[in-house]
Amino acid sequence: MQLKADIQYVKGVGPARAEAFHKLSVDTAGALLRYYPRAYEDWSQIVPIREMPENTPCCIRATVCHTPEKIRVPGGLLLFKTSVTDGEGLLNLTFFNNKYIGKMLKEGEEYLFFGKATRNRYGAREMASPLFQKPQSANAIRPIYPSTAALPTKTIEKCVRAVLDSLDAPIPDILPEDIRLKNKLCTLDTAIRHIHFPPDEAALEEARRRLIFDELFLLQLGLLQMKSRTQTLKTDCVVQTDAFPEFCKLLPFTMTGAQQRAVKEATADMRSGEPMNRLLQGDVGSGKTAVAAALVFTAAKNGMQSAVMAPTEVLAEQHYRTFRNFFKGTGFEVALLTGSTPTAQKRKIKAALAAGEIQLAVGTHALLQEDVEFSRLGLVVTDEQHRFGVAQRASLSAKGDNPHILVMSATPIPRTLGLILYGDLNVSVLDELPPGRQTIETYCVGSSYHQRIYKFIDKHIERGLQAYIVCPLVEEGEGNLIPAEEYYETLSKGVFRHRRLGLLHGRMKPKEKDEVMRAFAAGELDILVATVVIEVGVDVPNAAVIVIENAERFGLSQLHQLRGRVGRGKEKSTCILVSDAQNEEATERFRVLCETTDGFKIADADLKLRGPGDFFGKRQHGLPALHLADILRDTEMLVTVRRAAEDLLKQDPALTAPEHTALRKQTDKMFSAASVG
Ligand code: ADP
Ligand code: MG
């Protein structure tokens with residue numbers, strides 16, 4: 001059998017199972033080998049019955065005391081009960097709905113049993129439906145696969161074994177031999193065999209190390225290549241005149257040290273003759289917009305146009321207002337272009353952009369999709385980078401002749417991690433908040449506090465301040481969740497009937513959203529009931545309270561972003577998390593939030609709680625998923641891998657040598673995936 005053989009032709013797989021495998025994105029024999037176990041049953045560590053841990057899977061070796069007895073339970077359930085002993089301890093076993101158990105387990109014979117032990121109400125030890133096998137036929141460590149109803153883990157195990165037993169040749173290695181040996185890695189063939197069927201713990205570790213190395217190595221190789229592709233580009237958009245001092249005079253405030261540093265780093269890029277490719281990372285409220293504005297101003301002073309792209313219309317609209325304010329009296333023209341710009345106006349803006357009469361276009365995706373032409377596009381800024389993939393970045397660049405690119409992200413990640421992950425970008429960090437920021441007090445309360453919360457909000461409105469109330473869902477709630485629309489109705493007719501309320505959610509028309517947002521920003525509304533649409537970027541300094549309902553439904557970073565909507569003005573602000581959730585993970589999230597407002601600390605905690613896979617989101621970075629590698633845990637390996645990838649590219653920048661073909665194919669896949677989005 002060959003690796004590229006259709007999954008259907010694997011022994012034990014017919015059309016029906018093939019269909020089930022397709023659902024798991026397993027289409028070939030090779031893909032099945034890459035479908036790794038999610039855990040293992042360790043049958044090699046035998047625990048005495050007396051020392052069995054509770055509720056943790058373990059393995060015991062014991063003799064069956066008596067043939068399992070059949071017990072009929074009302075409702076037709078079939079139960080078998082027996083007990084086993086290892087000479088010292090006694091354990092009751094229960095099996096459900098398996099009529100063969102009576103024949104399979106023989107009195108007086110010894111078996112290995114694998115399962116979780118509990119205690120019944122009389123204090124006796126019990127195990128329900130344990131797996132069992134004869135000691136002599138035992139496989140020490142058995143794989144457990146992520147399974148579905150159509151494909152139980154035992155079926156997957158059999159199919160994997162069938163593939164491994166019928167391969168024509170060893171699995172070809174993708175790593176060049178010298179790199180493999182230098183890093184003391186086993187062959188890919190061994191690694192794949194052992195990740196499924198490890199003879200022992202050490203072999204499993206070896207296999208994991210090898211496969212993790214591969215994942216990280218490909219990631220680094222791809223990122224480094226991307227970086228070098230952009231670095232070897234030349235651009236005509238070269239900044240000659242530094243306009244920063246002049247820009248500073250336009251600002252109503254003094255830039256923080258961090259902002260100034262970021263502007264200088266980016267300006268240096270823009271002078272270099274190569275297109276800038278920079279990530280600007282800064283916590284909520286750190287003032288990323290002003291940094292972008294400084295660069296837009298510099299570009300304009302040097303005869304170049306800029307595009308600022310935001311992920312939502314609400315945000316685009318806000319940026320439009322902000323930039324127009326910054327550039328008042330400079331003679332620079334700013335235009336807003338979104339999906340809901342009227343056609344006639346769109347036409348006018350497009351003509352003016354093509355003629356070079358507009359210095360800055362602010363917009364959403366519309367900026368890319370429409371047939372927008374620039375006369376001389378020199379700078380592209382994308383805000384809140386985690387909403388855009390690598391692909392969009394590329395298509396924006398294509399609008400100009402290698403323009404400079406600044407990507408702004410509010411997702412703070414540890415600096416070293418950022419450098420490695422965003423290997424294709426240079427990074428500037430705003431690690432300082434503007435002075436005079438009010439602290440945000442954070443509280444976590446149960447839903448019984450609602451009346452007090454409403455009074456609290458009302459007192460703030462009395463003083464001329466505003467509030468957000470955030471709900472997790474728009475429509476029909478599940479369980480006791482609060483649908484935003486219904487909640488809005490209830491509040492406007494109930495406790496807040498004397499106040500001006502607005503509703504904002506993702507299902508509304510862009511025009512309606514804009515109008516509500518504009519009204520809230522202008523102080524024409526007291527309370528904004530909203531879903532997570534306000535998560536990113538929204539800047540209304542007069543809002544001093546944010547209440548987050550069903551807070552357990554939000555991730556840590558998301559809660560942090562939401563909280564960042566307040567604490568932007570002169571008033572002390574408050575964030576109230578409302579939740580009745582008892583689970584440990586949610587409680588831990590709330591604890592972290594109440595304890596700190598430092599985005600970097602929160603990002604660290606988030607990584608620890610959720611793992612990097614979720615943290616970055618699979619689709620967001622446009623990079624291959626890491627199956628075994630864990631960026632936090634494997635940092636040491638990352639450093640080694642990074643060096644190995646750099647060395648390799650120094651020898652063979654385009655990976656054209658025959659022994660690097662396999663690697664090149666893999667990284668090419670990465671690029672084409674990125675451009676498809
Ligand atoms: P974010 O980094 O979250 O995008 P913004 O750019 O929206 O932050 O800035 C948040 C607020 O801080 C804005 O109201 C902005 O005018 C203000 N701001 C930015 N930089 C400074 C500064 N150096 N001093 C005082 N206020 C600032
Ligand atoms: Mg912002």
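Helices are DSSP runs of H or I with at least four residues, numbered from the N terminus. By that numbering, Ala605 belongs to helix 21, which covers residues 599-610. The model is predicted.

**Ligand 1: site and shell**

- Ligand 1 sits in the second largest pocket.
- The shell around ligand 1 holds 16 residues, and the closest are Thr254, Gly285, Lys288, Thr289 and Arg437.
- By class, the shell residues divide into 7 polar, 5 charged and 4 nonpolar.

- Gln259 places a polar side-chain atom 2.9 Å from a nitrogen atom of ligand 1.
- The side chain of Asp539 has an N or O atom 2.9 Å from an oxygen atom of ligand 1.
- For Arg568, an N or O atom of the side chain is 3.4 Å from an oxygen atom of ligand 1.
- Ligand 1 exposes 570 Å² when taken alone, and the protein buries 84% of that area.

- Val291 is part of helix 10, which spans residues 288-301.
- Val291 counts as buried because its relative accessibility is 1%, and the cut-off for buried is under 20%.
- Val291 and Gln260 are 31 residues apart along the chain, with their C-alpha atoms separated by 7.8 Å.
- Pro275 is placed in the loop that runs between helix 9 (257-271) and strand 10 (277-282).
- The relative accessible area of Pro275 is 14%, so Pro275 is buried.
- A C-alpha separation of 5.7 Å is found between Pro275 and Thr235, which are 40 residues apart along the chain.

**Helix 16**

- Lys455 is located in helix 16, made up of residues 450-462.
- Lys455 has a relative accessibility of 61% and therefore counts as exposed, the cut-off for exposed being over 50%.
- Along the chain, Lys455 and Val495 are 40 residues apart, and their C-alpha atoms are separated by 8.9 Å.

- Helix 19 (residues 556-563) is largely enclosed by the rest of the structure, because 7 of its 8 residues are buried.
- Its buried residues are Leu556, Ser557, Leu559, His560, Gln561, Leu562 and Arg563.
- Asn550 is found in the loop between strand 21 (543-548) and helix 19.
- With a relative accessible area of 9%, Asn550 is buried.

**Positive phi values**

- Most residues other than glycine have a negative phi.
- Asn550 has a positive phi, near 45°, and is a residue other than glycine.
- Asn55 is not a glycine either, yet its phi is positive at about 60°.
- The position of Asn55 is in the loop between strand 1 (39-42) and strand 2 (57-64).

**Helix 21**

- Ala605, in helix 21, counts as buried because its relative accessibility is 16%.
- Ala605 and Val592 are 7.6 Å apart in space from C-alpha to C-alpha, and 13 residues apart in sequence.

Technical notes:
Residues are numbered from 1 along each chain as its sequence is written. Chains are lettered from A and ligands numbered from 1 in the order in which they are written. This is a predicted model: local features need pLDDT of at least 70, side-chain atom pairs count only at pLDDT 80 or more; totals for chains, interfaces and linings use all residues. Side-chain values use heavy atoms; hydrogens and water are left out. A residue is near a molecule or strand if one of its heavy atoms lies within 4 Å of it. A polar contact is a pair of N or O atoms within 3.5 Å; within protein, one must be able to donate a hydrogen and the other to accept it, and residues adjacent in sequence count only if both atoms are side-chain atoms. Accessible areas come from the Shrake-Rupley method with a 1.4 Å probe; for residues, only the protein chains shown count as cover. On a 1 Å grid over the protein atoms alone, a cavity is a set of points where a 1.4 Å probe fits but cannot get out, and a pocket is an open set with protein on both sides within 12 Å along at least five of seven lines; lining residues have an atom within 4 Å of a point. A molecule sits in a cavity or pocket if more than half of its atoms lie within 2 Å of its grid points. Ala, Val, Leu, Ile, Met, Phe, Trp, Tyr, Cys and Pro count as nonpolar, Asp, Glu, Lys and Arg as charged, and the others, Gly among them, as polar. Helices (H or I, at least four residues) and strands (E, at least two) are DSSP runs, numbered from the N terminus. Buried means under 20% relative accessible area, exposed over 50%, partly exposed in between (1.4 Å probe, protein chains only).
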